[in-house]
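Subject: Structure for you to look at

Hi,

Here is the structure I promised you. Please open it first, then read the notes below.

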Amino acid sequence: MEKVKVAVNGYGTIGKRVADAVRLQPDMELIGIGKTSPNYEAIIADKKGIKIYTVKDNISKFEKSGIKVAGTIEDMVKEADIIVDTTPNGVGATYKPLYQSLGKNALFQGGEKADVADISFSALCNYDDAKGKKYIRVVSCNTTGMLRIICTMNKISKVEKVRATIVRRAADPKEVKRGPINSIVPDPASVPSHHAKDVLTVLKGIDIVTMAVIAPTTLMHLHTMVLTVKDKVNKDDIINTFLNTPRIVLVNSSRTTVSSTAEIIEVSRDMGRVRYDIPEVVVFEDSIYTNGNEVFLMYGVHQESIVVPENIDAIRASLGIMGKEESIKVTNDTLGIMKGYLI
Ligand code: NAD
């Protein structure tokens, strides 16, 4: 099988995970990464044998740090079939003219404005609509979590209304300069938060309002959500549907004693998962409550890894190399993504 040539531009929290995931795909080859600073992440990429490309002015900085440079980011883009842009918020848009001028397909991340791409993407919700699209934006970690839940609930009964509160992690574990460290901050203080708007870029027309706060934690986000669905639903149907949906896992707090984001992460560490990543949405089974046609639930979102499988599927959708079910299956199998109970 001829492999598609994938370049990852921006090698931080998301980029290094996407690059590792690409290397595990039978139909993809990682041709290199774009990196502007010769930090520890670049040193480790170099040790893994990944080709590193940078901007012309920074080549000597990399060489001083003992890191081999394969060429400029432009050289890398020329060689690729598709670029996964995982540069910081807003930087991806500044690269779009380069990708366009060289006629390359590209994926962008949730930190970019929606109009950077032809479509915003969530594999479970709109894979087929993204087929053949040259520019795809994989929505943010929080939006990916919400969309997985909403699109899965839609299979049980049509979702008519969503109200959610997002308790956001303050920073990723590596981010030493972000906070708060001793406060809970409305984000923003006005309602609704932008997360609802982001869901609407994929599920057009749905009645959704979100609020968000930032909490002093680095491990996961936690969402509380109330969905109003068309028909009366029961808790068992919801649990059974979630148990049979890959990329959603359940934790039963009464049976396992796991009842917090900290314990979910500890479980992942104990399971020996790489970087303790949890690309699945983790639903607290005991939080699922129904009241007529209302459904209440709480779930955790591991912000560093949840969008990784979505990026892999978006590569295949953009290049039109696989259908939805096949791509999701290959991605899940290669990345060890689960369904059922986390433990
Ligand atoms: P990050 O800061 O960890 O990584 C970005 C990388 O891009 C860094 O290595 C940085 O050195 C590099 N970079 C900076 N300027 C560059 C340039 N001009 N050219 C090439 N590389 C450059 O950021 P991140 O958390 O991985 O976020 C990347 C994107 O993913 C953002 O759009 C963000 O909103 C989105 N996202 C982040 C998370 C998360 O929780 N971290 C979750 C989902 C989506």
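This is a predicted model: local features need pLDDT of at least 70, side-chain atom pairs count only at pLDDT 80 or more; totals for chains, interfaces and linings use all residues.

A definition first: the domain bounds used here come from an automatic or database domain assignment.

**Where the ligand sits**

Where does the ligand lie relative to domain 1 and domain 2? Domain 1 covers 4-138 plus 308-332, and domain 2 covers 141-306. Both give residues to the shell around the ligand, so the ligand lies between the two domains. The space that the ligand takes up is the largest pocket.

**The shell**

The ligand is surrounded by 22 residues. Lys-35, Asn-89, Tyr-95, Asp-172 and Lys-174 are the closest. By type, the shell has 12 polar, 6 nonpolar and 4 charged residues. Helix 1 (13-23) supplies at least two residues of the shell, and so does helix 5 (91-101).

**Backbone contacts**

How much of the ligand does the protein bury? On its own, the ligand exposes 820 Å², and the protein buries 83% of that.

**Backbone geometry to check**

Now to the loop between strand 10 (185-186) and helix 8 (194-200). Pro-188 is in this loop. The peptide bond from Asp-187 to Pro-188 is cis, with omega near 0 degrees. Pro-192 lies in the loop between strand 10 and helix 8 as well. A cis peptide bond joins Val-191 to Pro-192, with omega about 0 degrees.

One more residue is worth a look: Arg-247, in the loop between helix 9 (235-243) and strand 13 (248-251).

When you go through the model, start with the ligand between domain 1 and domain 2. Then turn to Pro-188 and Pro-192, in the loop between strand 10 and helix 8.

Best wishes

Definitions and conventions. Residues are numbered from 1 along each chain as its sequence is written. Side-chain values use heavy atoms; hydrogens and water are left out. A residue is near a molecule or strand if one of its heavy atoms lies within 4 Å of it. Accessible areas come from the Shrake-Rupley method with a 1.4 Å probe; for residues, only the protein chains shown count as cover. On a 1 Å grid over the protein atoms alone, a cavity is a set of points where a 1.4 Å probe fits but cannot get out, and a pocket is an open set with protein on both sides within 12 Å along at least five of seven lines; lining residues have an atom within 4 Å of a point. A molecule sits in a cavity or pocket if more than half of its atoms lie within 2 Å of its grid points. Helices (H or I, at least four residues) and strands (E, at least two) are DSSP runs, numbered from the N terminus. Ala, Val, Leu, Ile, Met, Phe, Trp, Tyr, Cys and Pro count as nonpolar, Asp, Glu, Lys and Arg as charged, and the others, Gly among them, as polar.
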